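Colleague: Please take a close look at one pair of packed helices in this model. I would like to know how the two are set against each other and what lies around them.

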Amino acid sequence: MSADEVSVDPVGADEVSAAPVSAARNPLTTWEGQPIAPGSANDVSLAVSESYSSMTVQIPLHIRRAVEDGPTVFVTAALHGDELNGTGAVRQLLRDPALRLVRGTVILVPVLNILGFDRLSRYLPDRRDLNRSFPGSKRGSLASRMARVVFDAVISRCDFGVDLHTAAVRRTNFPHIRADLSDPRVAELAVAFGADFIVDGRGPKGSLRQEALRAGCPTIVLEGGEALKVEPHVVSTAARGVKNVLRHLGMLEGEAERSTHQVIIRRSKWIRAERGGFLEYHVQPGDIVRKGQHLATNTTLLGQVQNTVESPFDALVVGMSTLPAISPGEPVFNLGKLPRSPRAVGGDPT
Ligand SMILES: [Zn+2]
């Protein structure tokens, strides 16, 4: 078993217990001293750093509060500054006439990592990863200080959170939820989001979702699509899922749209190239593949076949490289091991 592999017995979605809707703990009534009135929609900002030219660096936020009190939920995007599908989703939610809250408060953040975003980079100018820097420190690095500001001003005031991500550059992900299903409140959100696939796991140390949960704010991550793009199918999945979560929490009217064949993936593995060469891909993200199925053919530039990349088990293609050129050891496919009855997932296994 490689270090990339996490081994846990596969279990179906119906084995996750959905806890009852949790009560709100922090009614959000002010922002930086200004009132957030019941029934109001507010464009505000948060100063997170200072630029080389001594300008205040701010992130824009939208706070929408219903007349009736209820949970406070954050929706964050571009925590990695080049992951823009979430930004597209937040912008769609901002314009969505159906986003009329009947209770509680939503904080929408189209770009969390504004310094990375301005450079079209996943990382901050100090080359640190903001999503490994939470909860942060007032006396720490640039990343750590930014994380602390965001954590104190937004995360610690929320009851639940949804953090929107994409694959890293030159990779793509089939839209899926990542969540720590050992916490029943997180499991509740993950199931309510309504995505077809949930990948179980705690998340990396210092990640927003792990630290938010530790601080009492159950948080899930959507992973979908590619960096530096706004892809309509990912945006619609994200926006629909956020509204499902809000409906589940009683903050929007109507019933959450449930996935009819939700599957939980508890073990995943990156399949790496054995030879340098040019790949011809035979599958795409979201495909269901069988053990031994050829996923890609590795050829020389003159077209001679070197080897084939095969699936080691029945799997969902969770993510994959978008780059055909490959060297030995580079990741090609991220495969999620399917539970016992993969046909229940739907899709053609050929
Ligand atoms: Zn990310």
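Modeller: H4 and H6 are oblique to each other, a word kept for angles that are not under 35 degrees (roughly parallel), over 145 (roughly antiparallel) or 65 to 115 (roughly perpendicular). Two packed helices are described by the angle between their axes and the distance between the axes. For helix H4 (residues 184-193) and helix H6 (residues 232-248) the angle is about 125° and the axes are 8 Å apart. Axes here are lines fitted to C-alpha atoms, for helices over the stretch in contact, and angles run from 0 to 180 degrees between N-to-C directions. Helices are DSSP runs of H or I with at least four residues, strands are runs of E with at least two, and both are numbered from the N terminus.

This is a predicted model, in which local features need pLDDT of at least 70 and side-chain atom pairs count only at pLDDT 80 or more, while totals for chains, interfaces and linings use all residues. Residues are numbered from 1 along each chain as its sequence is written.

The crossing of H4 and H6 is right-handed, that is, the near helix is turned clockwise from the far one by less than a right angle. From H4, Leu189, Ala192 and Phe193 meet Gly241, Asn244, Val245 and His248 of H6; a contact requires C-beta atoms, placed from the backbone, within 7 Å. The residues of this contact comprise four nonpolar, three polar and no charged. Nonpolar covers Ala, Val, Leu, Ile, Met, Phe, Trp, Tyr, Cys and Pro, charged covers Asp, Glu, Lys and Arg, and the others, Gly among them, are polar.

H6 also has a part in the packing of helix H1 (residues 85-95). Buried residues of H1 are Asn85, Gly86, Thr87, Gly88, Ala89, Val90 and Leu93, where buried means 20 or more other C-beta atoms within 10 Å of the residue's own. They pack against H6 and against strands S5 (68-77), S6 (103-109), S7 (160-165) and S10 (219-225).

As for the whole chain, there are six helices and 19 strands, and 49% of the 350 residues count as buried. Among contacts between residues at least 6 apart in sequence, 68% join residues at least 24 apart. The average pLDDT, the predictor's confidence in each residue from 0 to 100, is 91, and 90% of the residues score at least 70. Over residues 1-13 the pLDDT stays under 50, and over residues 342-350 it is below 50.

Terms used: Two residues are in contact if their C-beta atoms, placed from the backbone, lie within 7 Å. A residue is buried if 20 or more other C-beta atoms lie within 10 Å of its own, exposed if 12 or fewer, and partly exposed in between; C-beta atoms are placed from the backbone.
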